[in-house]
Amino acid sequence: MAGKRCSERSNSEILNKEVQYIDRQVIVKSTQKPQFPDVSFTTVRLSCDSHPYRPSEPDYAGFILYAGIDKDGCVVEEWMLNGKRCKNAYMVIQGTSSSDVKRYVGKPGCPGKVHGAIYWNVFGENADVSKVIGEGFAYRSGQLQLNSFFNHKKGAYHDQYREISAVGKKCVQAIIEDWKEKSECGKTYSVEELVRCHY
């Protein structure tokens with residue numbers, strides 16, 4: 001599998017992450033354990049499983065997955081989640097009042113208020129930060145909200161903070177602006193273009 005990098009680590013540790021934009025790519029580091037492999041990517045894919053923007057839908061939420069972690073504890077840039085192929089970075093945004101999301105809200109073992117429900121709707125399994133490196137966000141009543149269980153759960157590349165990283169915020173902001181304007185999903189964005197929109 002492409003981009004497989006292993007390290008001696010425990011997925012149960014809480015470690016600080018640092019997300020940077022360097023040389024036209026985003027790099028996610030584990031600052032407390034510099035021996036852990038960096039995660040890097042140059043594009044973000046807005047999944048076809050995302051919902052098109054509709055002004056009548058006031059609330060959306062989603063997540064951006066930077067990489068996967070396989071059963072051997074290795075960081076992978078391409079991975080499978082319950083039969084669905086992902087490649088970093090992979091972003092999903094869905095309306096929280098849609099029937100396909102609401103049916104999973106409050107599902108036993110489904111974490112968070114809506115992010116876990118969206119994850120289950122897309123991947124058909126519970127969100128597990130020992131399997132992915134990512135951050136979550138919401139877009140409610142025209143305002144971007146940056147807190148999510150994704151952002152502070154235990155995991156090798158997650159820290160204790162609920163707020164999305166600054167670089168992650170820039171990427172999400174730029175994609176949401178384009179998504180609102182064009183109502184297109186299944187689109188790939190270059191990180192360089194996304195960062196230029198807000199830096």
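Across the whole structure, a search finds nine aromatic pairs, a pair being two rings of Phe, Tyr or Trp (for Trp its six-membered ring) whose centres lie within 6.5 Å, with planes under 30 degrees apart counted as stacked, over 60 as edge-to-face and the rest as tilted. One of them joins Phe41 and Tyr66, which are stacked at 5.3 Å centre to centre with 15 degrees between the planes. This pair links distant parts of the chain, since Phe41 belongs to strand E3 and Tyr66 to strand E5, 25 residues apart; strands (E, at least two residues) and helices (H or I, at least four) are DSSP runs numbered from the N terminus. Ring pairs also link Phe63, Tyr90, Tyr119 and Phe123 into a cluster.

This is a predicted model, in which local features need pLDDT of at least 70 and side-chain atom pairs count only at pLDDT 80 or more, while totals for chains, interfaces and linings use all residues. Residues are numbered from 1 along each chain as its sequence is written, and side-chain values use heavy atoms, with hydrogens and water left out.

Both Phe41 and Tyr66 are buried, that is, under 20% relative accessible area, where exposed means over 50% and partly exposed in between (1.4 Å probe, protein chains only). They are among the residues with the most contacts inside the largest nonpolar core, which has 33 residues; such a core is a set of buried Ala, Val, Leu, Ile, Met, Phe, Trp, Tyr and Cys residues joined through side-chain atoms within 4.5 Å. Its largest share, seven residues, comes from helix H3. Apart from this core lies another, of 22 residues, including Trp120 and Ala138.
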